[in-house]
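Open the structure in your viewer and keep the selection panel at hand. The stops below follow one another, each with something to select and a note on what is there.

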Amino acid sequence: MTSASDPVPSPGRVDDVLITTELASRPFRAPDYEAESRALGLLAHEMATNPRGVLQKCAELVMDLCHADSAGISVLEPGGMSGMFRWHAAAGAFVSNLHGTMPWEASPCGTVMERDRVLLFTQAERVFTALRDVEPRIYENLLAPWHVKGEAVGTLWAIKHTPEGRFDAEDARVLQTLARSAGAAFQMISAIDAATVRQVELEQRTDALVEVEERQSFLLTLSDAVRPLAGPADIQGETTRLLREKLNVGWCYYVDWDLDRKIGLVLRDSAREGLPSLAGAHDVSDAPEFLRLLASGTLLTVSNYEGYEQLPTRIRQNFTGLGFRSMMLAPLVKEGRLIATLIAGDTEIRDWSTSDETLLVEVAERTWAAVERAHVEGALRESEARLAQDLEATQVLQRIGDELVSTSALDGHFARICEAARTLMRSDAASVQVYDHPSSRLRLAGHVGFHLDSAAFWAWVDAGTASACGRALNAGERVVLADVDTFEADPGDHEAWRKSGIRSVQSTPLVTRRGQMVGMMSTHWRHPHQPTNGDYRFFDILARLVADFIERTRAEAALAESEERFRQFADASAAGLWIRKANRLEMEFASPALATIYGVDDAGLLGDVKRWAALIVPEERDAAVEHLEAARDGKTAQHEVRIRRPSDGAFRWIRDTSFPLEDVEGKIERIGGIAEDITEAKLAVGHQGVLLAELQHRVRNIMAMIRSMALRTADGAVDVADYRSLLEGRLMALARVQVLLTREANTGGLLRDIVASEVSAQAQRDDQFELDGPEIRLSPKVTEVLTLALHELTTNALKYGAFSVPDGRLRVSWKPFEKRGRAWLALDWTETGVPSRQPSIRRGFGSDLIEGRIPYEIGGTGKITLEPGGAHCQLKFPLKEGESVLETDAPMPTTLFGGSLDMKDAPDLTGRKVLVVEDDYYIAGDTAAALRGAGAEVLGPCPSEDATLDLLETRTPSHAVLDLNLGGGGPRFEIARVLSKRGVPFLFMTGYDPDKIPPELEDVPRLQKPVTFRTIVEAVAQLQ
């Protein structure tokens, strides 16, 4: 025999060892048909009794009939380069090589099958070198091919091992005959083998089918048994019971692996009666190799557990001590991780069948699937329960949130807040406390589930008390008392807990978003309880809502109080107060005084800044807005502007102080201001200047008069005493004139009163004088001069005349008369009963006053004479108006000029209804103000063509002012044509050249922009 690596013979050399042709020349030997027949009979008998021995029988018959030293049958099988010959039969010297093989290339069998005829080889080792070392040596080798279904499948061969051994032609014929029998026998054997295989396969399939059906029936039973079970432990218990009974083993249990903790957990197992349970946690920290073996996912079978060295000695001894002798393990590996293992163990050494192994694996998978289903369904139930709780919690939060957002009252809501807290935390009681900053204590604002005595005890809680809320207040964080009986607290707290049945409590500080403590919210249970972090999910949201609510209501209360103070201040303030939004300068607050100052209704200034700016005279409007912008930039700005007050059309001076209002972050969100009507102050300042100038003028005049009086008195005085007396009297007369003129400004005085005042002051008694004349009021100037003249006459009468002697008498009479169409007055002063005296040749102060000043200052005449019996004076002067230097009445007050809108001395438009059409807000408003200032009624102003046409449907103007370019779309003349048809005179205000106006409207007056408002008024006045 040889192998595939032996040298391959050269085809050219095979013929060198072939001597088949010599058979014909060798001595003839007669056929022994009787022996041949016996041989065939023996083959037939062997076929009938032992089909598999036919080939061997055939080889043995070749030995007998061909007188061979060795014989055998080679069958070609797959292998090597071209196939392998296997010795299916061997007899004689080569019997020891039975079932040996030889490659096609190294064996003469290949040449025989290739040429498909009987061949005789001599010394074949010369070509087939693999035969050189074969013992005994082959000298001649006679081979015949045999066939199955016409195809050569092997050879029948006979060998001579001695040099003298020779085969003849009869040997070749017999060999060929037996080869045909070998082929038939092989074919029959193959058929029998095939049938046997099919039978075995059929039986195996039948057994497997029965096994599968039984297994499926068991698995169906198992599935039905675990389907209604919801808990993983129940599922493990039922599956392990059914499998243990099915396998008839001592134990069956399902292990959940916690590889992080190196723990195997058996929730529930099944053990034969009398055997211990394996339920519980099993430490496998010292079995890493065993866990790695399980993690491979390969089914493990142990026939003799005692010798299973994959487990540590501790675990193996423990289980053998329990009675384990054999076991099967089906590991469950999911996504590369060992999850669980189903184990069956017995008290007997046991060889586990494939059926047992398959069943264990399938039950393991089903158990895992059922446990996972239970986990998923349990998780789903828990999720649904949580979802239902979350939905309820969300609804609770929504309801309480809506309620808290919609209210501004602090009290009255805490009971519902407590109910919400109790619902969210699944507690038996709840409470809310409000932090009182002045006392640094918690005030109980609301509770549910408290005994009244408990509520009274916890009405106020200090920081640092041993109660949960006191500890939380002191620590500034949540405090949980899982069992109040295990905590040290004041006896009062324990008694309060006992009365309310409280065993556990948690207190959560209510802290604003800025970190300020505003209260405490607590929940209480009547059993020991430790809430999980998840329990606080919605409760903490409620805590945030309540903290925001407390902060907001307190802030709103403080704001309301502040706003009320501000409202009272604003209502009481004579100055106008306002607040604007900084971004667009829109006014959002205006005090009542502001509306009064500006002459508008209460809402007349709110909103767009243009509504306010339109009231300002055009010349000062831009500067006023710039002052607002300065306040928006963070500056305090003060400015004075003139406005035209819509309520009465009056122009007023307004002083406005604007300043920024910052929010808590320092941003200027609003600007505020104080407006004062300073018109009177402004006019007073102007009037004061006029008064000062007038005072200076009058003082200078009075001083000049006194100076003159003093000088002239000195000329007539005898001595200093006389000078003092004369000057004092004259100054007193001057003072009496001033008193008289100040009683009624600009009215002068009554003549009788003037005369009586001077005469009665010097007369010794009332019967010394007589006054006769009508009631006549004199002008201030006449009053001044006449009083001084009368003073000189009475002074002279006292010294030298009627009042110097007891019998002296004085008669003063007056009467009006007309001279050249004007009213005059004649006054006579007549003294009697005065002794004669030498007339003075010196002209004194009195004579000069009467005969010089009266003609000079009041245009009259005066004459004084000394007659027998006393002095006589006659005065005549016109009764005309004239101002006295001694008057103290104020000059006419100054007036306020309204700038370009001031229509004083403008044409009177009273009775005219003027339509104003202008799209610029300020120009429209200012034009309307100017027209109203001239007395016109204004229709509009209208900013567009549509608005104008709508107004003309109900109103008819007497005149109109039209802007041609409404909305910037170029000149439009539809309104002009409508007014023309109605016969309403109008004028154009435009920036367009005349060539833009159509021919039919060329005669319409046109004002070229920009144009003054007085020009507009004057142009309207000229419209016919």
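Start with the largest nonpolar core of this predicted model. It holds 39 residues. Select V62, I73, L142, W146, L156 and L178, the residues with the most contacts inside this core. Then color the elements that each supply at least two of its residues: helices α2 (33–49), α3 (54–65) and α5 (169–226), together with strands β1 (70–77), β2 (84–92), β5 (140–148) and β6 (151–160). Which element gives the most to this core? That is α5, with 9 residues.

Stay here and center on L142. Leaving aside residues up to four places away in sequence, L142 touches L23, V118, L119, L120, L156, W157, A158, F167, D171, A172 and L175.

In soluble globular proteins, nonpolar side chains tend to be buried together.

The crossing of α5 past α6 is right-handed. To see the contact, show E214, F218, T221, L222, A225 and V226 on the α5 side, then I235, E238, T239, L242, L243 and K246 on the α6 side.

Now select another helix pair, α21 (residues 780–799) and α22 (residues 845–858). Their axes cross at roughly 165° and come within 9 Å. These helices are therefore also roughly antiparallel to each other. Here α21 passes α22 in a left-handed crossing. From α21, display K781, V782, E784, V785, L788, A789, E792 and L793. They meet F845, G846, L849, I850, R853, I854, E857 and I858 of α22.

Move on to P868. Where does P868 lie? Its place is in the loop between β30 (861–867) and β31 (870–878). Is P868 buried or exposed? P868 counts as exposed because its relative accessibility is 80%, and the cut-off for exposed is over 50%.

The next stop is a sheet. Select the 5 strands of this open sheet in the order β33-β32-β34-β35-β36, where the pairing is parallel. At its edges are β33 (937–942) and β36 (1006–1008), each of which pairs on one side only. On average, neighboring strands of this sheet are turned by 15° against each other, direction ignored. Zoom in on β35 (residues 986–990) and β36, which run parallel and are joined by 3 bridges. There, M989 has L1007 in β36 as its bridge partner. Helix α23 (residues 921–933) packs on the sheet, where α23 touches β32 (913–917), β33 and β35. The direction of α23 makes about 175° with that of β33.

Finish at helix α26 (residues 1013–1022). Its buried residues are F1013, I1016, V1017, A1019, V1020 and A1021. What covers these buried residues includes strands β32, β34 (959–963), β35 and β36, along with helices α17 (618–632) and α23.

Definitions and conventions: Residues numbered from 1 in each chain as written. Predicted model: local features only at pLDDT ≥ 70, side-chain atom pairs only at ≥ 80, totals over all residues. Heavy atoms only, no water. Pairing = 2+ DSSP bridges. Helix = DSSP H or I, 4+ residues; strand = E, 2+ residues; numbered from the N terminus. Axes fitted to C-alpha atoms, helices over the stretch in contact; angles between N-to-C directions. Contact = heavy atoms within 4.5 Å. Core = buried A, V, L, I, M, F, W, Y, C linked by side-chain atoms within 4.5 Å. Buried < 20%, exposed > 50% of the residue type's maximum accessible area, 1.4 Å probe, protein only. Parallel < 35°, antiparallel > 145°, perpendicular 65-115°, else oblique. Left-handed = near helix turned anticlockwise from the far one by under 90°.
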